[in-house]
Amino acid sequence: MEKEYEEEELRRMRREQRRREIRRRKKQQQLFQRMIAAGTFVVILTVLLIIAAGRMGKEEAGQKESSREDMAQESPAAEKQKGRPETEADKEQEDAEEEPESGSDAAETEKGPYRFQETEDTIQPGEEIVSTNAILVDVEKKTILAGRNEKERTVPASMTKVLTLLVAVENIEDLDETYTVRADAAEYALAHDCSSAGFEKEETVTIRDLLYGAILPSGADAALSLAVCVSGSQEAFVEKMNGKLEELGLSGTAHFTNCVGIYEEDHYCTVYDMAVIMNAAIDNEVCREVLSAHTYTTSGTDQHPDGILLSNWFLRRIEDKDTGGEVLCGKTGYVDQSGNCAVSYGKGENGGSYICVTANAFNKWKCIYDHAALYRRFGQGNQNSENL
């Protein structure tokens, strides 16, 4: 396994060398565009302020004149109303107006079919956990066992693809249906420095192949192909993703702008939100099967007669670690803004079922060790936080 890992790392280093120049040119172009946009914005803002100042002067004069007319035309009935004492009905109406709306952002995460509550036994992990954001939940009891900044906004990176998987599976009936990969899918992965499953343009694969390709190697080419297959475009598919977030009660704290997990300012969630998404995914039989696969070989095609061997390296790396049970499902992620992150589902020796989410570890192994430590802490039924 170590030899395969070293070969994979070598291939990634070579791809990175090719992509660095693309990223450098792209950043220069973005900087130039921002400078132009900033200058244009200043000019437009100045013009709007001048226009607004003129209108405010006219409106102020009009309001004074209108106020004089209203005072002159006030009816006797209105005068009588001024002197009427306040009734119980008036008080009830005032109380109703002051009551906050039930759909506020603060209450948003408490709605939906999946939610987890803090208890007096909820702990905050110690220094042994390096991830800045972390949560471990008991799936059956719906409680938060451990949390660190679990409701703080963070970047989900490729953990995004868990929701991509769920939405795709819920909108596709025949997983053996075929799809021809478009050239822009591979180009998208290259342009955004994403991982790829290795599908080539004009390669005809099954939907099942795309599902595994999106999760095991975190293939952007597979995820984008799923989006286009389901909705015709990534933009339309993302609308379905955000609709699913609303259905899960997460629309107040989570919002996605792409199906891959590349960094964008309005693409965010919390590790709590990701635990809820993972809970919904493992409740779906197909999603659970994909997320639990250690390896998968795609169907043979003209471009790949023997198929493509795909691996879930998170599951393969954590399987020999002491977790106090077994980690059954997992999906990793990485962008500069999130560090190494992962969401997983596991069973403890004590029979419990758990979901763990961490973000902002400084390397992939620390991310794995954080998951192992949290599972070990609770999977063995040991409630002493010193043994994290």
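Predicted model: local features only at pLDDT ≥ 70, side-chain atom pairs only at ≥ 80, totals over all residues.

Colleague: How many residues of α8 are buried?

Modeller: 11 of the 12, so α8 is largely enclosed by the rest of the structure. Among them are Ala-220, Asp-221, Leu-224, Leu-226, Val-228 and Ser-231.

Colleague: What covers the buried residues of α8?

Modeller: The cover includes helices α5 (160–170), α6 (183–191), α7 (207–215) and α9 (234–247). Strand β4 (178–180) is also part of the cover.

Colleague: And which residue follows α8?

Modeller: Gly-232. The phi of Gly-232 is positive, near 95 degrees.

Colleague: Switching topic. How many disulfides does the structure hold?

Modeller: 0. For Cys-259, the nearest cysteine sulfur belongs to Cys-194, 9.7 Å away. A disulfide needs the two sulfurs within 2.5 Å.

Colleague: Is Cys-259 buried or exposed?

Modeller: Buried, because its relative accessibility is 0%. Cys-287 is in no disulfide either; its nearest cysteine sulfur is that of Cys-329, at 9.9 Å. Cys-287 also counts as buried, at 0% relative accessibility.

Colleague: Zoom out. What does the secondary structure come to?

Modeller: 13 helices and 10 strands. The protein has 388 residues, and 43% of them are buried.

Colleague: What about contacts between residues at least 6 apart in sequence?

Modeller: 64% of those join residues at least 24 apart.

Conventions. Residues numbered from 1 in each chain as written. Heavy atoms only, no water. Helix = DSSP H or I, 4+ residues; strand = E, 2+ residues; numbered from the N terminus. Buried < 20%, exposed > 50% of the residue type's maximum accessible area, 1.4 Å probe, protein only. Contact = heavy atoms within 4.5 Å.
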